[in-house]
Amino acid sequence: MAKIILPMGPSSCGKGYLTNEIIKPYCEKHGKRLVVISTGELLREEVANQTNLGKLAKTFIDKGILVPDRLIWSMFEKKLLSLGPNIPNLFIIIDGLPRNLFQLGALWHLIPQHFEDEKVEVIAINAEERILIERMLKRAEKEKRSDDYKESFYQKMDVYRKDVFPTVRKAADIIVWKNFHIIDANQDLKEIDHSSMLNQIFN
């Protein structure tokens with residue numbers, strides 16, 4: 001039976017590190033099958049493969065306009081449902097959703113139709129803004145990411161405060177409390193003992 005995991009938090013809080021350096025090794029060690037659905041990767045694949053959704057998305061991208069929520073949702077829903085709900089030891093990390101209340105509502109409507117809703121885990125990652133900026137600048141220097149600069153960070157933080165943070169709070173209200181996990185990421189994630197959270201999620 002599948003379990004869905006939703007890492008949520010502001011830019012540079014460590015969602016990618018949590019997935020790639022903590023959760024993935026844990027799953028490999030304990031024989032858990034992990035699938036990561038990244039909305040960014042889905043969008044790039046649909047555009048590269050020139051699917052109908054990809055062609056439509058490209059019309060927005062070419063104009064410098066954000067791809068609408070409903071279009072991103074269609075790509076995500078197609079991918080999620082292709083995995084199926086009855087695969088033993090399948091854990092699904094959703095990277096990039098939900099980012100607003102519309103997406104959260106759509107996800108909570110979709111899950112009970114194909115998955116057991118108590119099999120959803122939310123990981124909320126919090127950190128002070130000054131720490132997030134420091135990490136973002138270090139990442140920009142290391143990875144040469146063109147979207148990592150202070151102005152971009154403040155734009156992302158505005159979106160986080162306006163859309164994502166209210167979504168995290170709403171998720172906390174509607175999910176079973178034992179399935180809502182909070183990580184204080186003011187310290188380096190690799191210095192935190194995640195064993196209790198991981199054992200609770202994956203067992």
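A residue is called buried when its relative accessible area is under 20%, exposed when over 50%, and partly exposed in between (1.4 Å probe, protein chains only). By this rule S11, with 16% relative accessibility, counts as buried. The model is predicted: local features need pLDDT of at least 70 and side-chain atom pairs pLDDT 80 or more, while totals for chains, interfaces and linings use all residues. Residues are numbered from 1 along each chain as its sequence is written, and side-chain values use heavy atoms, with hydrogens and water left out.

S11 is placed in the loop between β1 (3-8) and α1. Apart from neighbours within four places in sequence, S11 is in contact (heavy atoms within 4.5 Å) with L132, R139, F153 and K156.

**Salt bridges**

A salt bridge is a side-chain nitrogen of Lys or Arg within 4 Å of a carboxyl oxygen of Asp or Glu. The whole structure holds seven salt bridges, including those tabulated here.

| Pair | N to O distance |
|---|---|
| E121 and K3 | 3.3 Å |
| D62 and K58 | 2.9 Å |
| K162 and D163 | 3.4 Å |

E121 and K3 are both buried. D62, in contrast, is exposed at 55% relative accessibility, and K58 is partly exposed at 38%. K162 is exposed, with a relative accessible area of 62%, whereas D163 is partly exposed at 23%. Salt bridges with shared partners also join E129, D158 and R161 into one network.

Notes
Helix = DSSP H or I, 4+ residues; strand = E, 2+ residues; numbered from the N terminus.
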